[in-house]
Amino acid sequence: MKSITLIVFFLFTFILHFSGFSQKGKTYVGIQYKPIVPNKFIGAYQQAYARTETPSFEGEIVQKLGYVTGVTIRHGISKNISIETGINYVNRRFNISYDALDSNYQGNTDTKLINYNIPINALVYIQIGDQWYMNASGGANISFFPTIVGSYVNLGDTKNYFFQESTPTNWLQFGVNANYGFEYRTKDAGVFYLGASYYLPFRPIVYSKMVWVNQSVNRHVIAPINGSYFTVDLKYFIPNT
């Protein structure tokens, strides 16, 4: 997807002279909602972990539907180039399954990872209709992870259970964004945007420690969670005349 985005980006730069709408010097403030859509083609969807020592157990970490929401600010540099930033609340959700291979103990639990991010993207446009524009963008992302999270599943009694604890690799993390979309611009009603994004962190966002406790004996395995994701992007910018 990153290669396709770069190709589109350079194509847009080559044909900029066909565009006639100017945002130069204008600043737009808007809101956005971006569902995180789990899929097997773009972003981290499913990863396995395993403890090979006896007694062994294994499982999977599967991404579930999440979302990104926040405030976005766009400033026009020229009639075809803008800078966009803002601040977002990110809610990632995962299902973690457990399977003790030498027994009948199985279970699964849901957990969520919360963080805040600040994207800094450069956007390039072409005009494809009287009020319709197509754009591609890319840039950096700064993320803040405030806390450790955990979850627990009982396997029949208080002395037999699984739990997991996910610890951020760092409270401050960095990654890259790639975006592609379409927008409808009006002078009186504002700007309406529909697109898609891909976020790729530079390193795993957390290390999850999966623990099986049986009769007060702990067995554990640690697995990194990649944290990349694909979103469908919905944005609205208030009018700026």
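Student: Which residues does N117 touch, leaving out those up to four places away in sequence?
Tutor: N117 touches G86, I87, N88, V90, N141, I142, S143 and Y229. Keep in mind that this is a predicted model.

Student: Where does N117 lie?
Tutor: N117 is part of strand β5.

Student: And is N117 buried or exposed?
Tutor: N117 counts as buried because its relative accessibility is 3%, and buried means under 20%.

Student: Different topic. How many cavities of 30 Å³ or more does a search of the whole structure find?
Tutor: The search finds 4. The largest cavity has a volume of about 190 Å³.

Student: How does anyone look for empty space in there?
Tutor: A probe the size of a water molecule is rolled over the atoms, and that shows where empty space is left.

Student: OK, what lines the largest cavity?
Tutor: Its lining is made of 20 residues. Nearest the centre are K34, P119, N121, N177 and N179.

Student: Which strands supply at least two residues each to that lining?
Tutor: They are β1 (27-36), β3 (57-76), β4 (81-100), β5 (106-127), β9 (172-186), β10 (190-201) and β13 (229-237). The strand that gives the most is β13, with 4 residues.

Student: How do the lining residues of the largest cavity divide into nonpolar, polar and charged?
Tutor: There are 5 nonpolar, 11 polar and 4 charged residues in the lining.

Student: On to salt bridges. How many are there?
Tutor: The count comes to 5. One of them joins E183 and R74, with the closest N and O atoms 3.1 Å apart.

Student: Where do E183 and R74 lie?
Tutor: E183 is in strand β9 and R74 is in strand β3, so the pair ties together parts that are 109 residues apart in sequence. E183 is buried, at a relative accessible area of 0%. R74 is also buried, at 1% relative accessibility.

Student: What about K235 and E84, how do their side chains meet?
Tutor: They meet in a salt bridge, 2.4 Å from N to O. K235 sits in strand β13 and E84 in strand β4, 151 residues apart, and the pair links distant parts of the chain.

Student: Are K235 and E84 buried or exposed?
Tutor: K235 is buried, with a relative accessible area of 12%. E84 is buried too, with 4%.

Student: Back to E183. How far apart are the closest N and O atoms in its salt bridge with R185?
Tutor: They are 2.7 Å apart. Both E183 and R185 are buried.

Student: Which residues do salt bridges with shared partners join into one network?
Tutor: The network consists of R74, E84, E183, R185 and K235.

Technical notes. Residues numbered from 1 in each chain as written. Predicted model: local features only at pLDDT ≥ 70, side-chain atom pairs only at ≥ 80, totals over all residues. Heavy atoms only, no water. 1 Å grid on protein atoms, 1.4 Å probe; cavity = no way out; pocket = protein on both sides within 12 Å on 5 of 7 lines; lining within 4 Å. Points joined across faces, edges and corners; volume = space filled by probe spheres on them. Nonpolar A, V, L, I, M, F, W, Y, C, P; charged D, E, K, R; others polar. Buried < 20%, exposed > 50% of the residue type's maximum accessible area, 1.4 Å probe, protein only. Contact = heavy atoms within 4.5 Å. Salt bridge = Lys/Arg side-chain N within 4 Å of Asp/Glu carboxyl O.
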